[in-house]
Amino acid sequence: MKIAVLGTGYVGLSTGVCLSQIGHQVTCLDINERKINQLRQGISPIYEPNLEELLTSNMAAGRLQFTTSQPEALVDAEIIIIAVGTPQGDDGAADLTYLVQAAKEITSYITQETIIVIKSTVPVGTNAVVKKLIEDRTGTTVKMVSNPEFLRQGSAIEDTMKADRIIIGSENELATRKIEEMYQPLNVPVIVTSTKSAEMIKYASNAFLATKISYINEMANLCEAVGANVADVARGMGKDRRIGEAFLNAGIGYGGSCFPKDVKALLHTAEVNGVEFPLLKETIAINERQREWLVAKALKRFGHLSGKKIAMLGLAFKPETDDMREAPSIPISAALSKWGAEVIAYDPVATENAKKLLGDSIKYAGSIAEAVYEADAVFIVTEWNEIKNQDLVEMIRNMKEPIIFDGRNCFSEDEIRACSAIEYYPIGKPSIII
């Protein structure tokens, strides 16, 4: 099939690369000329494991190309996939500016045979709005499909090629069958729904997972208060098939481009439709409190943080990505600076993106060893393997004081007790002081 993908962010680029990998002819369109030039050289503008390898191999095979030219991408395209950003607006709702603009721009190239797929995360009813916009401008009846994505940054390729399910929402049977055919090589279960149900599934899924994270974080705080171990509690809960083990890792809250904005967007949808949804409000509140839990622990331990050197390990909102959107490191570094601490941070891949947001409010190190040298304490903020595999004995040897506040529970009790002297403050577990 000849497919055009509008947008080369995480969703658009991953989708385009994977569709070319299963044999389709894919052209990715973006207005950012610098990004397109970079992609044409086989360089991915985002950090995503295995993405560059697939990108270059499919370009070499002639199945994947990148352009800023609308005619080049859209003329004769059987399927147009819209995968532009829908950031959070000031009122919590999804901002559809980029989506509407993309819809307007493609109207000159649409025929009755063209299928328009919205993969961007959008509020219920958006497909109908876009359909009317296009039909009003063209006088042509278009086939719309809602096909939400469920990619996790850091595993976007695997999540596409080995998806749990593919959601196809449409009122057009021919379009539904065509999109099923497009994905058929993946051999993934397909769920066909109405357009509105498909739009809701994405928000419902992300809000549920965010709620699960906030729940286990509240359990972690209770475990600390009573002397229980949240890892044991989560393991015992997770073995119940009705609950499942995923998203039961206690820590310092969720971040990224999806969970924060999708929970707020779903709450906004509920409010404008007169539906109370206090569970979502509390999910958001818990997450915001959890982000500064390490700072509270440090204040309790030291009494003050003025003049303290804090090494912050990890800046990205999760490992295997350079994404800083809604990263817990942002409010944590701000709180530490507010209390007078000197923060020096290390992240394997997110430092440049962090500098754009945090500027010179903190310092940046080129290695873990550089960050922790003469530090009064270490804050572990992102659970990179490089951090989890760190030799603790060696690390604390270079610190002024061997004090670790672990926001991701990266180390086992055995690893901690192998140190001759250490203060270890995890989340939801008893502290260890040797």
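Predicted model: local features only at pLDDT ≥ 70, side-chain atom pairs only at ≥ 80, totals over all residues.
Strand β12 itself spans residues 377-380 and is covered on both faces. Ala377 and Phe379 lie on one side, Val378 and Ile380 lie on the other, and all four are buried.

## The sheet around β12

Strand β12 belongs to an open sheet of 7 strands with mixed pairing. The strand order is β11-β10-β9-β12-β13-β14-β15. At the edges stand β11 (363-364) and β15 (432-433). Each of these edge strands has a single partner strand, so one side of each has no neighbour in the sheet.

## Helices on the sheet

Helix α13, residues 293-302, packs on the sheet and touches β12, β13 and β14 (423-425). The direction of α13 makes about 155° with that of β13.

Helix α14, residues 329-338, lies across β9, β10 (342-346) and β12. Relative to β9, helix α14 runs at about 180°.

## Packing of α9 and α12

Two packed helices can be described by the angle between their axes and by the distance between those axes. Helix α9 (residues 195-226) packs with helix α12 (residues 278-290) at an angle of about 55°, and their axes are 9 Å apart. The two helices are therefore oblique to each other. The crossing in which α9 passes α12 is left-handed.

On the α9 side, the contact is made by Ala207, Ala210, Thr211, Ser214, Asn217, Glu218 and Asn221. On the α12 side, the contact residues are Leu279, Leu280, Thr283, Ile286, Asn287, Arg289 and Gln290. Sorted by class, the contact of α9 with α12 has 5 nonpolar, 7 polar and 2 charged residues.

## Alanine 231

Alanine 231 lies in helix α10, which covers residues 230-238. Is this alanine 231 buried, exposed or partly exposed? Its relative accessible area is 30%. Buried requires under 20% and exposed over 50%, so alanine 231 is partly exposed.

Alanine 231 and glycine 428 are 197 residues apart in sequence. In space, the two residues are 7.6 Å apart, C-alpha to C-alpha.

Definitions and conventions
Residues numbered from 1 in each chain as written. Heavy atoms only, no water. Buried < 20%, exposed > 50% of the residue type's maximum accessible area, 1.4 Å probe, protein only. Axes fitted to C-alpha atoms, helices over the stretch in contact; angles between N-to-C directions. Parallel < 35°, antiparallel > 145°, perpendicular 65-115°, else oblique. Left-handed = near helix turned anticlockwise from the far one by under 90°. Contact = heavy atoms within 4.5 Å. Nonpolar A, V, L, I, M, F, W, Y, C, P; charged D, E, K, R; others polar. Pairing = 2+ DSSP bridges.
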